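Student: I've got the model open and would like to go through it with you. Can we take it piece by piece?

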Amino acid sequence: MRIILIGVLAVSLLFLLYVVFSRKLGLAWLTRMGLHIVLAALGIYIVNFSGLLSEAYIPLNPITISTALVLGLPGVALLLGLKLTMI
């Protein structure tokens, strides 16, 4: 079973590399993704340490960063709203 899973992973990696290099995507998408991750973390950091809402603290973990990454600043507002309603 483990060999089958490793085989599927290897084949999918080869297909992914083929798509990336055949479409001439380059590495610009990595730069944009890195920028979005930094901006998401910065948005959460500003909410945590701005002092406007002292009872709201959003932890910096992969789940909250990915939520803010996918949804942008409205994702930070969503996390803040969830934190305030769940208290």
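Student: Which residues does T64 touch, not counting residues up to four places away in sequence?
Tutor: Bear in mind that this is a predicted model, where local features need pLDDT of at least 70, side-chain atom pairs count only at pLDDT 80 or more, and totals for chains, interfaces and linings use all residues. Residues are numbered from 1 along each chain as its sequence is written, and side-chain values use heavy atoms, with hydrogens and water left out. Contact here means heavy atoms within 4.5 Å. With the sequence neighbours up to four places away set aside, T64 touches I44, I58, P59 and L79.

Student: Is T64 buried or exposed?
Tutor: T64 sits in helix α3; helices (H or I, at least four residues) and strands (E, at least two) are DSSP runs, numbered from the N terminus. The cut-offs are under 20% relative accessible area for buried, over 50% for exposed and partly exposed in between, using a 1.4 Å probe and protein chains only. T64 has a relative accessible area of 9%, so T64 is buried.

Student: And V70, buried or exposed?
Tutor: V70 also has its place in helix α3. Its relative accessible area is 68%, so V70 is exposed.

Student: How do the axes of α3 and α4 cross?
Tutor: Axes are lines fitted to C-alpha atoms, for helices over the stretch in contact, and angles run from 0 to 180 degrees between N-to-C directions. Under 35 degrees counts as roughly parallel, over 145 as roughly antiparallel, 65 to 115 as roughly perpendicular and the rest as oblique. Helix α3 (residues 62–71) and helix α4 (residues 73–86) have axes that come within 6 Å, crossing at roughly 135 degrees. The two are therefore oblique to each other.

Student: Which residues of α4 do T64, T67, A68 and L71 in α3 meet?
Tutor: On the α4 side they meet L73, P74, G75, V76, L78 and L79. By class, the contact of α3 with α4 has seven nonpolar, three polar and no charged residues.

Student: Which residues does L84 contact, leaving aside its neighbours within four places in sequence?
Tutor: L84 lies in helix α4 and is partly exposed, at a relative accessible area of 35%. L84 and E55 are 29 residues apart in sequence but 8.0 Å apart in space, C-alpha to C-alpha. Beyond those neighbours, L84 is in contact with L53, E55 and A56.

Student: How far apart are the C-alpha atoms of L35 and L69?
Tutor: L35 belongs to helix α2 (residues 28–49) and counts as partly exposed at 49% relative accessibility. Along the chain, L35 and L69 are 34 residues apart, and their C-alpha atoms are separated by 9.7 Å.

Student: How many residues of α1 are buried?
Tutor: Helix α1 (residues 2–22) has 21 residues and reaches 30 Å from its first C-alpha to its last. It lies largely in the open, because of its 21 residues the number buried is one.

Conventions. Expected span 1.5 Å × (residues − 1). Nonpolar A, V, L, I, M, F, W, Y, C, P; charged D, E, K, R; others polar.
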